[in-house]
Amino acid sequence: MKECYIHIGYPKTATTFLQRVVFKHNVVSGSFFFFKDTEFLLENIITAPIGGFNAVAIKHKINQLNTSAKPILISLERLAGNPFQGGVDGELIANRLKAIFPEAKILVSIRNQSKMIDALYKQYIFQGGGHSFQAFLKDTIRSSLFFNLDYLKFDALIAHYEAHYGRDNILVLPYELLSNFPNAYFDLLNSFFEFNQLNLNQFVTSKRLNSSNQISTTALEFMRFCNGFYSTWAQPRRVFPGIKHHKKLRKHIQGKLGQLLTNKHSEVSYVKLYKKTKQINNHYADSNYLLAQKFDLDLENLGYSMPNL
């Protein structure tokens, strides 16, 4: 197997920016074989049943497609585990990646947990979810959907990859570096991937990161109310069972509603709105401290919660 680099996520950490902009840049594409078949990764690694996982066949397939001598590059945020199922499959996926790629370098992108929880909850609403924010945060299994705060204790999953691949083969990259110190962000990418000096001037970073409209909390709450009228994977039960779910219609309504209410009402953090900041900060403080110490990260100055030492 050729040399391999794997970006496992997490979601909501500029993964789309990396996949669609950075990893498609000619500096990168000229040096790497970027394996982009998401469906293949989902079916054969992430969701394959125990008896259906075949590391040798997967390795053979990827090698067949990579006819060059270039290192393989894989980027898929779902590799960090399913955030809407508590991330329970994160360790299984790590074990499977190790079976396929015994030697690899792992990129893990992270983000302040309060901001990630806000972003994940908004994604949940956009995909048809109807639970309130407080119900979403509860550590209980409801049908096929549940959220577990421990999913965002980054040090736990990273420790598993460290056991597989070693500390020196892992780069932990905070999202906040890209938004606040982009030159430092690209310096770390250059060093880890041995890129031919990607630099900030090659990307319109701020526009890429903030290109999507900010949907107001008012719009999101109305979307959530409407979601209760039909069932989706995120909302298995509906208020009126006779109403069928029309995905295209839902997305059309969401789009029109977003245009109508975008930037007309202030966007509010759900974590702050429901006064969960202290609870969430306390939940992640020790995990963030351990991660910062092990990987020499200045997470405190990037806004991550830390214990009072």
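Author: Helices (H or I, at least four residues) and strands (E, at least two) are DSSP runs, numbered from the N terminus.

Reader: How many helices and strands make up the secondary structure of the protein?
Author: This is a predicted model, in which local features need pLDDT of at least 70 and side-chain atom pairs count only at pLDDT 80 or more, while totals for chains, interfaces and linings use all residues. Residues are numbered from 1 along each chain as its sequence is written, and side-chain values use heavy atoms, without hydrogens or water. The secondary structure comes to 15 helices and five strands.

Reader: What is the volume of the largest cavity?
Author: A cavity is a set of points on a 1 Å grid over the protein atoms alone where a 1.4 Å probe fits but cannot get out. The count comes to one cavity of 30 Å³ or more. With volume taken as the space filled by probe spheres set on the points, the largest cavity has about 30 Å³.

Reader: Which element gives the most to the lining of the largest cavity?
Author: The lining, meaning residues with an atom within 4 Å of a point, consists of Asn112, Gln113, Ser114, Ile280, Asn281, Tyr284, Tyr304 and Ser305. Two or more of these residues come from each of helix 6 (113-126) and helix 15 (277-295). The element that gives the most, with three residues, is helix 15.

Definitions and conventions. 1 Å grid on protein atoms, 1.4 Å probe; cavity = no way out; pocket = protein on both sides within 12 Å on 5 of 7 lines; lining within 4 Å.
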